[in-house]
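Hi everyone, thanks for making time for this.

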Amino acid sequence: MYHILLSRDFDLEGIEREAQAGKRPRHVIWNLSQTLGATVHVPTNDPLTLFDWLCSKIIGQPEQWALARRLVSQLTEHDTVFCLGEDVGFALAILCKFKGKRPKLAVSVMAPYRRRVRRLLKFFRLGDQIDLFAVNTQIKATYIRDYLQLSGERIYQQPEQTDIRFFNPGAAQPKTRPLVVSAGLEQRDYQTLAAATQALDVDVKICAVSPNASAKTKVAFPKVMPDNMASRHYDWSEFLQLYRDADVVVVSLLWNNYSAGLTTLIEAMACRRPVVMTRTPGLADELINLGLVTGVEAGDAAGLQHAITHLLEHPEVAAQQAEAAYARILSEHTSEYYVESMIAQLQQLGNVPQPESFAAPLPA
């Protein structure tokens, strides 16, 4: 059997109902679980013990250890498990190590070079416990391969994805001056964006929301918001229209090496909007080098201003860039592409027939 472990609770069925009503994008894990026939497990409702609290000092939350502790007694070598995050994934892998027999195990790892992650990988010899490491950049794939001395077949670079049934090109609403749009909270540098745009004849609108944000999330806002900049929460339909209204989408980041900002990048590309993004290792750097995204250096307000101005003053360049980026989305970054690619990987682990793929119609 297939199992999917989430690091935190999601109402996947509720999300799917809203998505079918056109109120929000689909969740790719719902699509994956339905196509695989997988059981989805979330870290809720399992009784917590002192053991769970103590283990959470190693990694993760007590609820994740409680989930892993329950499942480790149920899973067999005939099961295949995909863990969405090193927190819940490492918890299960460590407990399986002491059980002896274990399921086939795939774990998505966001930050393999963090000190705690590195230490756990080596101390518990998790390279022997985890059959497939899933990462979202080639840099991370190379790091894990070299650090654990694994073969390339043990590491899978997952494609970034978005739901093109929801995020797709559409008509812009009338406006009195050009609109610069940005979104997200993790590692965002709105201070540099404000410095770059405060003297320009543009409006800047920010959707400063992230489902993964926490008290430790790093974000830089200007001490005083410029008159032409506004930040607020947008519901999904407003957020989609915000992308469609944008003349330029900017993903301005504090320097980081774990690929922050890619969700906003992919959504904007799917809406066929030109994007300016801080150059960071991974997909952003790749798309910048291909000319699909305009790149700037971290903290470079003058460079960011120049990039925005260039696209606004040369709409034919902006349109060409946006069209080429949109073609890339349709070929490599749809939810369907992600699901089919992930199923192929899990099918190899489980050595069972691959389920029928499902295909969504591309937007017109």
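Let's begin with how the chain comes together. Take the contacts between residues at least 6 apart in sequence: 72% of them join residues at least 24 apart. Please keep in mind that this is a predicted model.

How much of the chain is buried? Buried residues make up 54% of the 364 residues. As for the overall dimensions, the C-alpha atoms fill a box of roughly 65 × 40 × 40 Å along the principal axes. A compact globule with 364 residues would have a radius of gyration near 21 Å, and the chain has 21 Å, so the two agree. Within that outline you can find 14 helices and 14 strands.

Now, how far can we trust it? The mean pLDDT of the chain is 92, and 95% of its residues reach 70 or more. Where pLDDT is low, the predicted coordinates should not be read in detail.

Let's zoom in on helix α12, residues 301-313. Which of its residues are buried? They are Gly303, Leu304, Ala307, Ile308 and Leu311. Looking down the axis of α12, these buried residues fall within an arc of 130 degrees, so they line one face of the helix. On the other side of α12, Ala302, His306 and Glu313 are exposed.

What does the buried face pack against? The buried residues of α12 have several partners, including the strands β7 (179-183) and β12 (248-251), and the helices α8 (190-197) and α13 (315-332). At the start of α12, have a look at Asp300: one of its side-chain oxygens comes to within 3.4 Å of the backbone nitrogen of Ala302.

My last stop is Ala260, in the loop between β12 and α10 (262-270). Is Ala260 buried or exposed? Its relative accessible area is 5%, which is under the 20% cut-off, so Ala260 counts as buried. Leaving aside neighbours within four places in sequence, Ala260 is in contact with Glu186, Gln187, Leu253 and Met277. Glu186 is 74 residues away along the chain, yet the C-alpha atoms of Ala260 and Glu186 are separated by 6.5 Å.

How values were computed. Residues are numbered from 1 along each chain as its sequence is written. This is a predicted model: local features need pLDDT of at least 70, side-chain atom pairs count only at pLDDT 80 or more; totals for chains, interfaces and linings use all residues. Side-chain values use heavy atoms; hydrogens and water are left out. Helices (H or I, at least four residues) and strands (E, at least two) are DSSP runs, numbered from the N terminus. The expected span of a helix is 1.5 Å times one less than its number of residues. Buried means under 20% relative accessible area, exposed over 50%, partly exposed in between (1.4 Å probe, protein chains only). The arc is that of the directions from the helix axis to the C-beta atoms. Contact means heavy atoms within 4.5 Å. A polar contact is a pair of N or O atoms within 3.5 Å; within protein, one must be able to donate a hydrogen and the other to accept it, and residues adjacent in sequence count only if both atoms are side-chain atoms. pLDDT is the predictor's confidence in each residue, from 0 to 100. The radius of gyration is taken over C-alpha atoms; the globule rule is 2.2 Å times the number of residues to the power 0.38.
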